[in-house]
Amino acid sequence: MAKFLVKQSGPLHGEVYISGSKNAVLPIMAATLLCEEQCVIIDTPRLRDVDVMCNMLRRIGADVVEDYDNNKLYIGTKTIAEHEAPYALVSKMRASVLVMGPILARTGRVRMPLPGGCAIGARPVDLHLKGFAALGARITEHRERGYVEAVADKLVGSNIYLDFPSVGATENIMMAAVLAEGTTILENVAEEPEIVDLANFLNKMGARIKGAGTDTIKIEGVKRLSAASHTVIPDRIETGTFMVAAAITRGKILIKNAVPDHVKPVIAKLRECGVTVSDTFDGLIVDAENADLVATDIKTLPYPGFPTDMQSIFMALLTTVKGESQVIETVFENRFMHVAELERMGADIVTEDRKAVIRGGKPLHGTSVIATDLRAGAAMILVGLVAEGSTEVSEIYHIERGYERFIDKFESLGAKIERIEEKVKEIQ
Ligand code: UD1
């Protein structure tokens, strides 16, 4: 099992280039299943989650060519050979559920084992299924056998109101509705930039989608879609991670290929803390050199609110800031698992239900911690950079699921991080 060994490093300095967005590329890859021809996805990040999706698509019948020298993927699916996503892959990644909408739309039948991914809460798929049902699919849950099935002779456009603006449900229903007969109106949908990117890709394929990026999306069904080529948006959570890296180490980083509009709440909160963020022609400059940061409160919300994926990362920063800060998590019910790990490093945090109170500025020391999920893993690395001594972060496969060339990028900024392979001890 590999680990990251993180040593206390000075302020980070230099520039970093942001990769294509994990959360945008995964639904776009799934959407290629909607046509028979070969699509091209440009600026694909090389990540474990992308590998899982490639394997998933191959099992379903896609021909996937990975050209990482040019960060491109070529995906074409002449025929859907398999209507069931394999559990071995679904259990590794919750976003696997995104193949449901396209398979259902193209073939009228799909079977899905109940999904896995980061262990941050129950993460049900009821909203996805309600959407498919509203489009005319018959849903049968086989709980005892651990899978759910959706079957439809044909999908018909409908008015659908989501009880919560779920990102995955919005994407899945949108992908199912593009080939449905007639018009679909989706209300109270997620407004994340990744939804807009998916809609742009689908429209390039010939879909007729309006309103992506607002709370209401209108889709006029079409008979067929054709090949498209698309460049994925930059990753806003990777952007936010490097912004916080500059802040927590009191350094200065130029972040290239960032979209400032996509990270507005992170910029606002960093400025509230006393960090200088400048939007320049070359990129975002985040400067915390010699800054005396002040405590602040954050509350996670669906976009354009503060992203839940930045919650643990921002909490890491708040542990280094004198005074009392509050973090409220409203999106997931169990996303404070990193708190216990931060406490092991000396942080003073008290949680009650979905609220964490951080008394920042306490001495932090390196120790052995676990990356409890992808973003919590990034948070551990960030605290490791400023904690006294060395921090050993295990279960780093979570981090490698979602950050491209993580170590290289951090090292280029002056961080002392090493990936170590630990031999598994044989039990006698
Ligand atoms: C996506 C992102 C993830 C991010 C999350 C919220 C991808 C691949 N992942 O995950 O990084 O943390 O958005 O911004 O894009 N819910 C239900 N029923 C459903 C679906 C969701 O109750 O059918 C609940 C979930 O349990 C959770 C909340 O809605 O509490 C938000 O989930 P959702 O927006 O669906 O997140 P994902 O699409 O899984």
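The largest cavity in this predicted model has a volume of about 30 Å³. With a threshold of 30 Å³ or more, the structure holds one cavity. Its lining is made up of Ser19, Gly20, Pro45, Leu47, Asp235, Glu238, Gly402, Tyr403 and Glu404. Sorted by class, the residues around the largest cavity fall into three nonpolar, three polar and three charged.

The protein chain is split into domain 1, which covers 2–19 + 234–421, and domain 2, which covers 22–231. Domain 1 is therefore written as two segments, with the bounds taken from an automatic or database domain assignment. Read against these bounds, the cavity lining includes Ser19, Asp235, Glu238, Gly402, Tyr403 and Glu404 from domain 1, while Pro45 and Leu47 come from domain 2.

The C-alpha centres of domain 1 and domain 2 are 30 Å apart. Where the two meet, 24 residues of domain 1 are in contact with 22 residues of domain 2. Together the domains bury about 2,000 Å² between them, and carbon and sulfur atoms carry 54% of that area. On the domain 1 side, Tyr303, Arg401 and Glu404 supply 32% of the area buried against domain 2, more than any other three residues.

Seven residue pairs are in polar contact across it, counting pairs with both residues at pLDDT 80 or more. Three salt bridges are counted between domain 1 and domain 2. Elsewhere in the list of pairings, Arg236 forms a salt bridge with Glu194, with the closest N and O atoms 2.8 Å apart.

Finally, attention turns to an open site. The second largest pocket contains about 260 Å³ of space. It is lined by 14 residues, of which Leu179, Val222, Lys223, Arg224 and Leu225 are the closest to its centre. The lining of this pocket comprises seven nonpolar, two polar and five charged residues.

Note on methods. Residues numbered from 1 in each chain as written. Predicted model: local features only at pLDDT ≥ 70, side-chain atom pairs only at ≥ 80, totals over all residues. Heavy atoms only, no water. 1 Å grid on protein atoms, 1.4 Å probe; cavity = no way out; pocket = protein on both sides within 12 Å on 5 of 7 lines; lining within 4 Å. Points joined across faces, edges and corners; volume = space filled by probe spheres on them. Nonpolar A, V, L, I, M, F, W, Y, C, P; charged D, E, K, R; others polar. Contact = heavy atoms within 4.5 Å. Buried area = accessible area lost by both parts, 1.4 Å probe. Salt bridge = Lys/Arg side-chain N within 4 Å of Asp/Glu carboxyl O. Polar contact = N/O pair within 3.5 Å; in protein donor to acceptor, adjacent residues only side chain to side chain.
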